Amino acid sequence: MSETPNGTPNGAPLLQMRGIEKNFVGVKVLHGVDLECRAGEVHAVVGENGAGKSTLMKVLAGAHQPDGGKVLLDGEEVSFRHTQDAQKRGISIIYQEFNLLPDRTVAQNVFLGREPHRGPLVDRREMDRATAEILGDLDADAAIRPGKLVGDLSVAQQQTVEIAKALSLNARVLVMDEPTAALSTTEAERLFEQVRRLQERGLAILYISHRLKEVFELASRITVLKDGQRVGTLVTEEATPGGLVRMMVGRDLDHYYPPRAEPEDIGEVRLRVSGGGTDVLRDVSIELKAGEVVGVAGLQGSGRTELARAIFGADPFDEGTLELGGRKIRIRSPRQAIQNRIGFVTEDRKAEGLIPVRSVRENGRLGLRALGSRARRERGLTGQDLVEELTRAVELRARSLEQEVRFLSGGNQQKVVLTKWLAVKPEILLFDEPTRGIDVGAKAGIHELIRKLARQGMAVLMISSELPEVIGMSDRIVVLRNGDIAGELPAGASESDIMFLATGEGDVGEHAGREAEGS
Amino acid sequence: MSAGSSSAGREKVGMLSRVRGALGSSSAWPIYIALVIVVVSSAIITAANGDNFFAPANIRDMLVRSVALGIVSAGQTLVIVGGSLDLSVANLISVATIVAATVMGGDPGMVVVGVIAVLIMGAAVGLINGLIITKLRVNAFIATLGTALIMRGILDANFQGASGSIPREFGFLGYGSVGPVPISVILLAAVVAAVWFLLRGTRFGHRLYAVGGDEETARLSGVRTHRIIIGAHVLCSLCAVITGLFIASRLRAGDPYVGSAGGYDLESIAAVVVGGTILAGGRGGVIGTIGGVFILAVLDNLFNLLEVNAFLKDVIRGVIIIAAVALYALQRRGKGAS
């Protein structure tokens, strides 16, 4: 790289990690991993969950101390005992779960731990000014004012604040861990622009992602990790998605979606919402039928999750009517929803779906507790081995049913959530981002399971921000925009049709005329 | 969130934060509305009883009553903002009175030494609390309950009643005044101002909010979280022993039961949460806390004037504490939904 603006005098890459080893309580999670990144380069790090990506990055950021190997900056060995040490040397990390304080302002977050000061006093004016300047560099100073509370910002804006925070540290090496996980497509595009800008400024960027598409779009080199080892580093031009997946999972993985429902598989209407409204949703009407998977798409904040939460009684509808099997009913609480055979696989498994420190068995029985003993008997749910049976049906891989679920992988945790719901024999299942944070390999398994449940007669609603998933899985696609139903599309609609409805802008696609047809 | 409701929500938030900014701490304003309501209704009830609520003597009496709880609560605010808690303040107050009275031993020449000894002792207890919480990773509730019990045991083993003697000269702290303003009230104002300034203006304060809001976020941002938590505990304990000095000055002696009898541990926590600081940390401030202290003091004053039965007093205070915190919770939920 001749155009590297950042000084690498001896031609050494800005960042080199050599033979990094790390053990956690005797378990080796990194086996001598090598990684390098030049100034002005975007280097992608890919691998399944548990491959060691996050641990490697935490070692780099000083949050973990390596048990072996060394880190070199400008060819000179460095060691960090604390994240602050790493920050001082220009290494910043943006974690997947943001490290921002919602109750503090943008400026307070950007300069947390390094507040500009005169003596012991924080120089608030200087802090706001410097924050505005950095945001200006990112072209975001109009939307994000330094004095705003971070909790009042959108997810994408919060991410910009994270980037601003890294820049305020004069970062030379920036690690981004799954930066697009919570972004809509347009927001992701804006992020890519910001990444390219940072690249032009000569930052070395380590980009961790599950999404191969964006890896190919951004990175010049790709390093694949598997089971704590480096499988290889490829120049992007020489890599293929198929080849990368093979390296990541160690086998060929042709990700296909299970076949959709045939018209005769789709049965009666299980659930009907007419004119449903909450403080976010307006006049929403939707039907779920037995045997059918209805996909819900929409931008972040369009009311996707709110729709599921309203149906499930977590934030109930204030307006409109809800019918279950033709019978009008008001669902005011999740407990009532469960008693009416509705299950909800939430977006945030750890916070809303599972009790991480309890066993698989206990988590599997959680939903059953919402039913009285009579209801359990009526549904034939008295068998002690029900959970065991179901975990076998979902092909859960756990050491035993007594294992605490926090020790399971994302995919297996999701299977425990499913077990919990299947245990109450639901007729309607709501999924919110069912494969978020789940390995490529395990994703197909979850998709297969969802389709299998539909085939058994379940009415399924599936929310997803990943358009390929919505398109691949759905028999019908409902698109939300600003709390309204923007339209409904048939199976196999294109990404551009969905985005057209979701954003209300762009090319008038072939399905635009159907906008009025839905619901 | 839909465009319409979120922009309305943003406006509301904007207004709220402006008011908050003026008061110097987040969500402190409802407590002052409540305080005004309590004061006005007290004044009316008192007037109906033929007394004058706003009589200088009565006002002074209420303020002086607020001093002890106010100073402890200011310190308690610091640890609670930092996501911690201190249950040892009550017994520490007792220890402080004993140390002061013993070291001074009635000798005016020993006043300064006594004060320094008390402050060092306080700082040491705070340091120990902080170290137990951060280094031994003991939950703050248990850690400070433990140190509280240890101090209780030491007091019970060595002191049965009033001990030592405070020289008359030190009485100025409890009884003296500058013009019409009692020195103790000036002390309270100074402590509150210092804590307010610490939280609002200094790097320590900013980091304390961060640690209380999310310790891992603060740590990953390069904040040395342990130092911050330990610092907050040292300051909290210093506030407690300053309260101890004030009480000793009024009692003219050390009393091994004065802190626990005053219930300063739970009362200070109550004042902090009534003042809008969240028990989980990261949000709130000392201005709210002092509002909480005043509310409790005004109610106390009213109950005394009306000669309300002591048990009923506690029931009413309990109801008020729960109502206050429930209102904050509702307000927050309302904001979250908008």
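Me: Where is Arg252(B) placed?
Reply: Arg252(B) sits in the loop between α11 (225-251) and α12 (258-262) of chain B. Helices here are DSSP runs of H or I with at least four residues, strands are runs of E with at least two, and both are numbered from the N terminus. This is a predicted model, in which local features need pLDDT of at least 70, side-chain atom pairs count only at pLDDT 80 or more, and totals for chains, interfaces and linings use all residues. Residues are numbered from 1 along each chain as its sequence is written, while chains are lettered from A and ligands numbered from 1 in the order in which they are written.

Me: Why is Arg252(B) called partly exposed?
Reply: Count the C-beta atoms, which are placed from the backbone. A residue is buried if 20 or more others lie within 10 Å of its own, exposed if 12 or fewer, and partly exposed in between. Arg252(B) has 18 such neighbours, so it counts as partly exposed. Its phi is near 65°, a positive value in a residue other than glycine.

Me: Is Arg341(A) buried or exposed, and how do you know?
Reply: Arg341(A) is buried, because it has 21 C-beta neighbours inside 10 Å. Arg341(A) lies in the loop between α10 (334-339) and β18 (342-345) of chain A. Its phi is positive, about 65°, although Arg341(A) is not a glycine.

Me: What makes helix α9 of chain A mostly covered?
Reply: α9 spans residues 304-311, and eight of its eight residues are buried. Among them are Arg304(A), Glu306(A), Leu307(A) and Ile311(A). Gly313(A) follows α9(A), with a positive phi near 80°.

Me: How do you know how compact chain A is?
Reply: Compare its radius of gyration, taken over C-alpha atoms, with the globule rule, which is 2.2 Å times the number of residues to the power 0.38. Chain A has a radius of gyration of 24 Å, close to the 24 Å that the rule gives for 519 residues, so it is as compact as a globular protein of that length. The C-alpha trace spans about 75 × 50 × 50 Å along its principal axes. Buried residues make up 50% of the chain's 519 residues. Chain A holds 18 helices and 22 strands.

Me: Into which domains is chain A divided?
Reply: Domain 1 is 40-58 + 86-249, domain 2 is 267-341 + 429-514, and domain 3 is 347-425. These bounds come from an automatic or database domain assignment. The C-alpha centres of domain 1 and domain 3 of chain A lie 36 Å apart.

Me: What makes β2 and β5 of chain A edge strands?
Reply: Two strands pair if DSSP finds at least two bridges between them. β2 (27-37) and β5 (76-78) of chain A each have a single partner strand, so one side of each is left without a neighbour in the sheet. That sheet is open, with four strands in the order β2-β1-β4-β5 (chain A) and antiparallel pairing.

Me: How do you know that β1 and β4 of chain A pair?
Reply: Five bridges join β1 (residues 15-24) to β4 (residues 68-73) in chain A, and the two run antiparallel. Leu15(A) stands opposite Leu73(A) in β4(A).

Me: What is the strand order of the sheet with mixed pairing in chain A?
Reply: The order is β6-β9-β10-β3-β11-β12 (chain A), an open sheet of six strands. Its edge strands are β6 (91-94) and β12 (229-235) of chain A, each pairing on one side only. β11 (residues 221-226) of chain A pairs with β12(A) in the antiparallel sense over six bridges. There, Ile222(A) stands opposite Leu234(A) in β12(A).

Me: Which strands form a hairpin with six residues between them?
Reply: β13(A) and β14(A) do, and Asp283(A) in the turn has a positive phi of about 45°. β13 (residues 269-277) and β14 (residues 284-289) of chain A pair in the antiparallel sense over five bridges. Val269(A) stands opposite Lys289(A) in β14(A).

Me: How many residues does each chain bring to the contact?
Reply: Chain A brings 26 residues and chain B brings 28. Two residues are in contact if their C-beta atoms, placed from the backbone, lie within 7 Å. On the side of chain A that touches chain B, α2(A) gives the most, with three residues.
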